[in-house]
Amino acid sequence: MVGRPAPAVPGRSALEVSSLPGRSGIRARGEISFLTRPSWEQALSELARWHVGVSYVELSDVAFVDVAGVTALALTAMNLPDGRVVVENPPPQLPRVLEMFWPGLDRIEVVL
């Protein structure tokens, strides 16, 4: 599951998404924003398609995620037939946005 980088725009980071070796999930690098959201949503769609039990989303190399990017993640997790999504090392705004708009959403586990 490898996403294509979003088009580079001066002053904006691209988004690169790749599969996680050895476990079910994705690793993202860059920025999740209006410009890169199509790549992010495509990666989440693929993640949901291959989800079994627990899927991992590794975000240690993501500098920023906007509210719509968090929304896409939350909706993906809520629409899974079972299990959960474990989000590892997200940027600081992601857990705050989740808590603000989806308090108690047990389909997402955030690991800092």
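How many of the eight residues of S2 are buried? Six are, and S2 is mostly covered. Buried here means under 20% relative accessible area, with exposed over 50% and partly exposed in between, using a 1.4 Å probe and protein chains only.

This is a predicted model, where local features need pLDDT of at least 70, side-chain atom pairs count only at pLDDT 80 or more, and totals for chains, interfaces and linings use all residues. Residues are numbered from 1 along each chain as its sequence is written, and side-chain values use heavy atoms, leaving out hydrogens and water.

Start with the sheet. Five strands form an open sheet in the order S1-S2-S3-S4-S5, with mixed pairing. Its edge strands are S1 (15–19) and S5 (108–111), each pairing on one side only. Neighbouring strands are turned by 20 degrees against each other on average, direction ignored. Helices (H or I, at least four residues) and strands (E, at least two) are DSSP runs, numbered from the N terminus. Two strands pair if DSSP finds at least two bridges between them. Axes are lines fitted to C-alpha atoms, for helices over the stretch in contact, and angles run from 0 to 180 degrees between N-to-C directions.

Now walk along the strands. S1 and S2 run antiparallel and are joined by five bridges. Next, S2 pairs with S3 in the parallel sense over seven bridges. Here Arg27 has Glu58 in S3 as its bridge partner.

What lies across the first strands? Helix H1 (residues 37–49) lies across S1, S2 (25–32) and S3 (54–65), and runs at about 170 degrees to S2. S2, H1 and S3 make a right-handed β-α-β unit. Right-handed means that, with the strands pointing away from the viewer, the path from the first strand over the helix to the second runs clockwise.

Glu88 has Val111 in S5 as its bridge partner. Helix H3 (residues 93–101) packs on the sheet, touching S3, S4 and S5. Its direction makes about 115 degrees with that of S3. Contact means heavy atoms within 4.5 Å.

Finally, a side-chain detail. The charged end of Arg23 sits over the ring of Tyr56, 4.5 Å from its centre. The rule asks for NZ of Lys or CZ of Arg within 6 Å of the ring centre and within 35 degrees of the ring normal.
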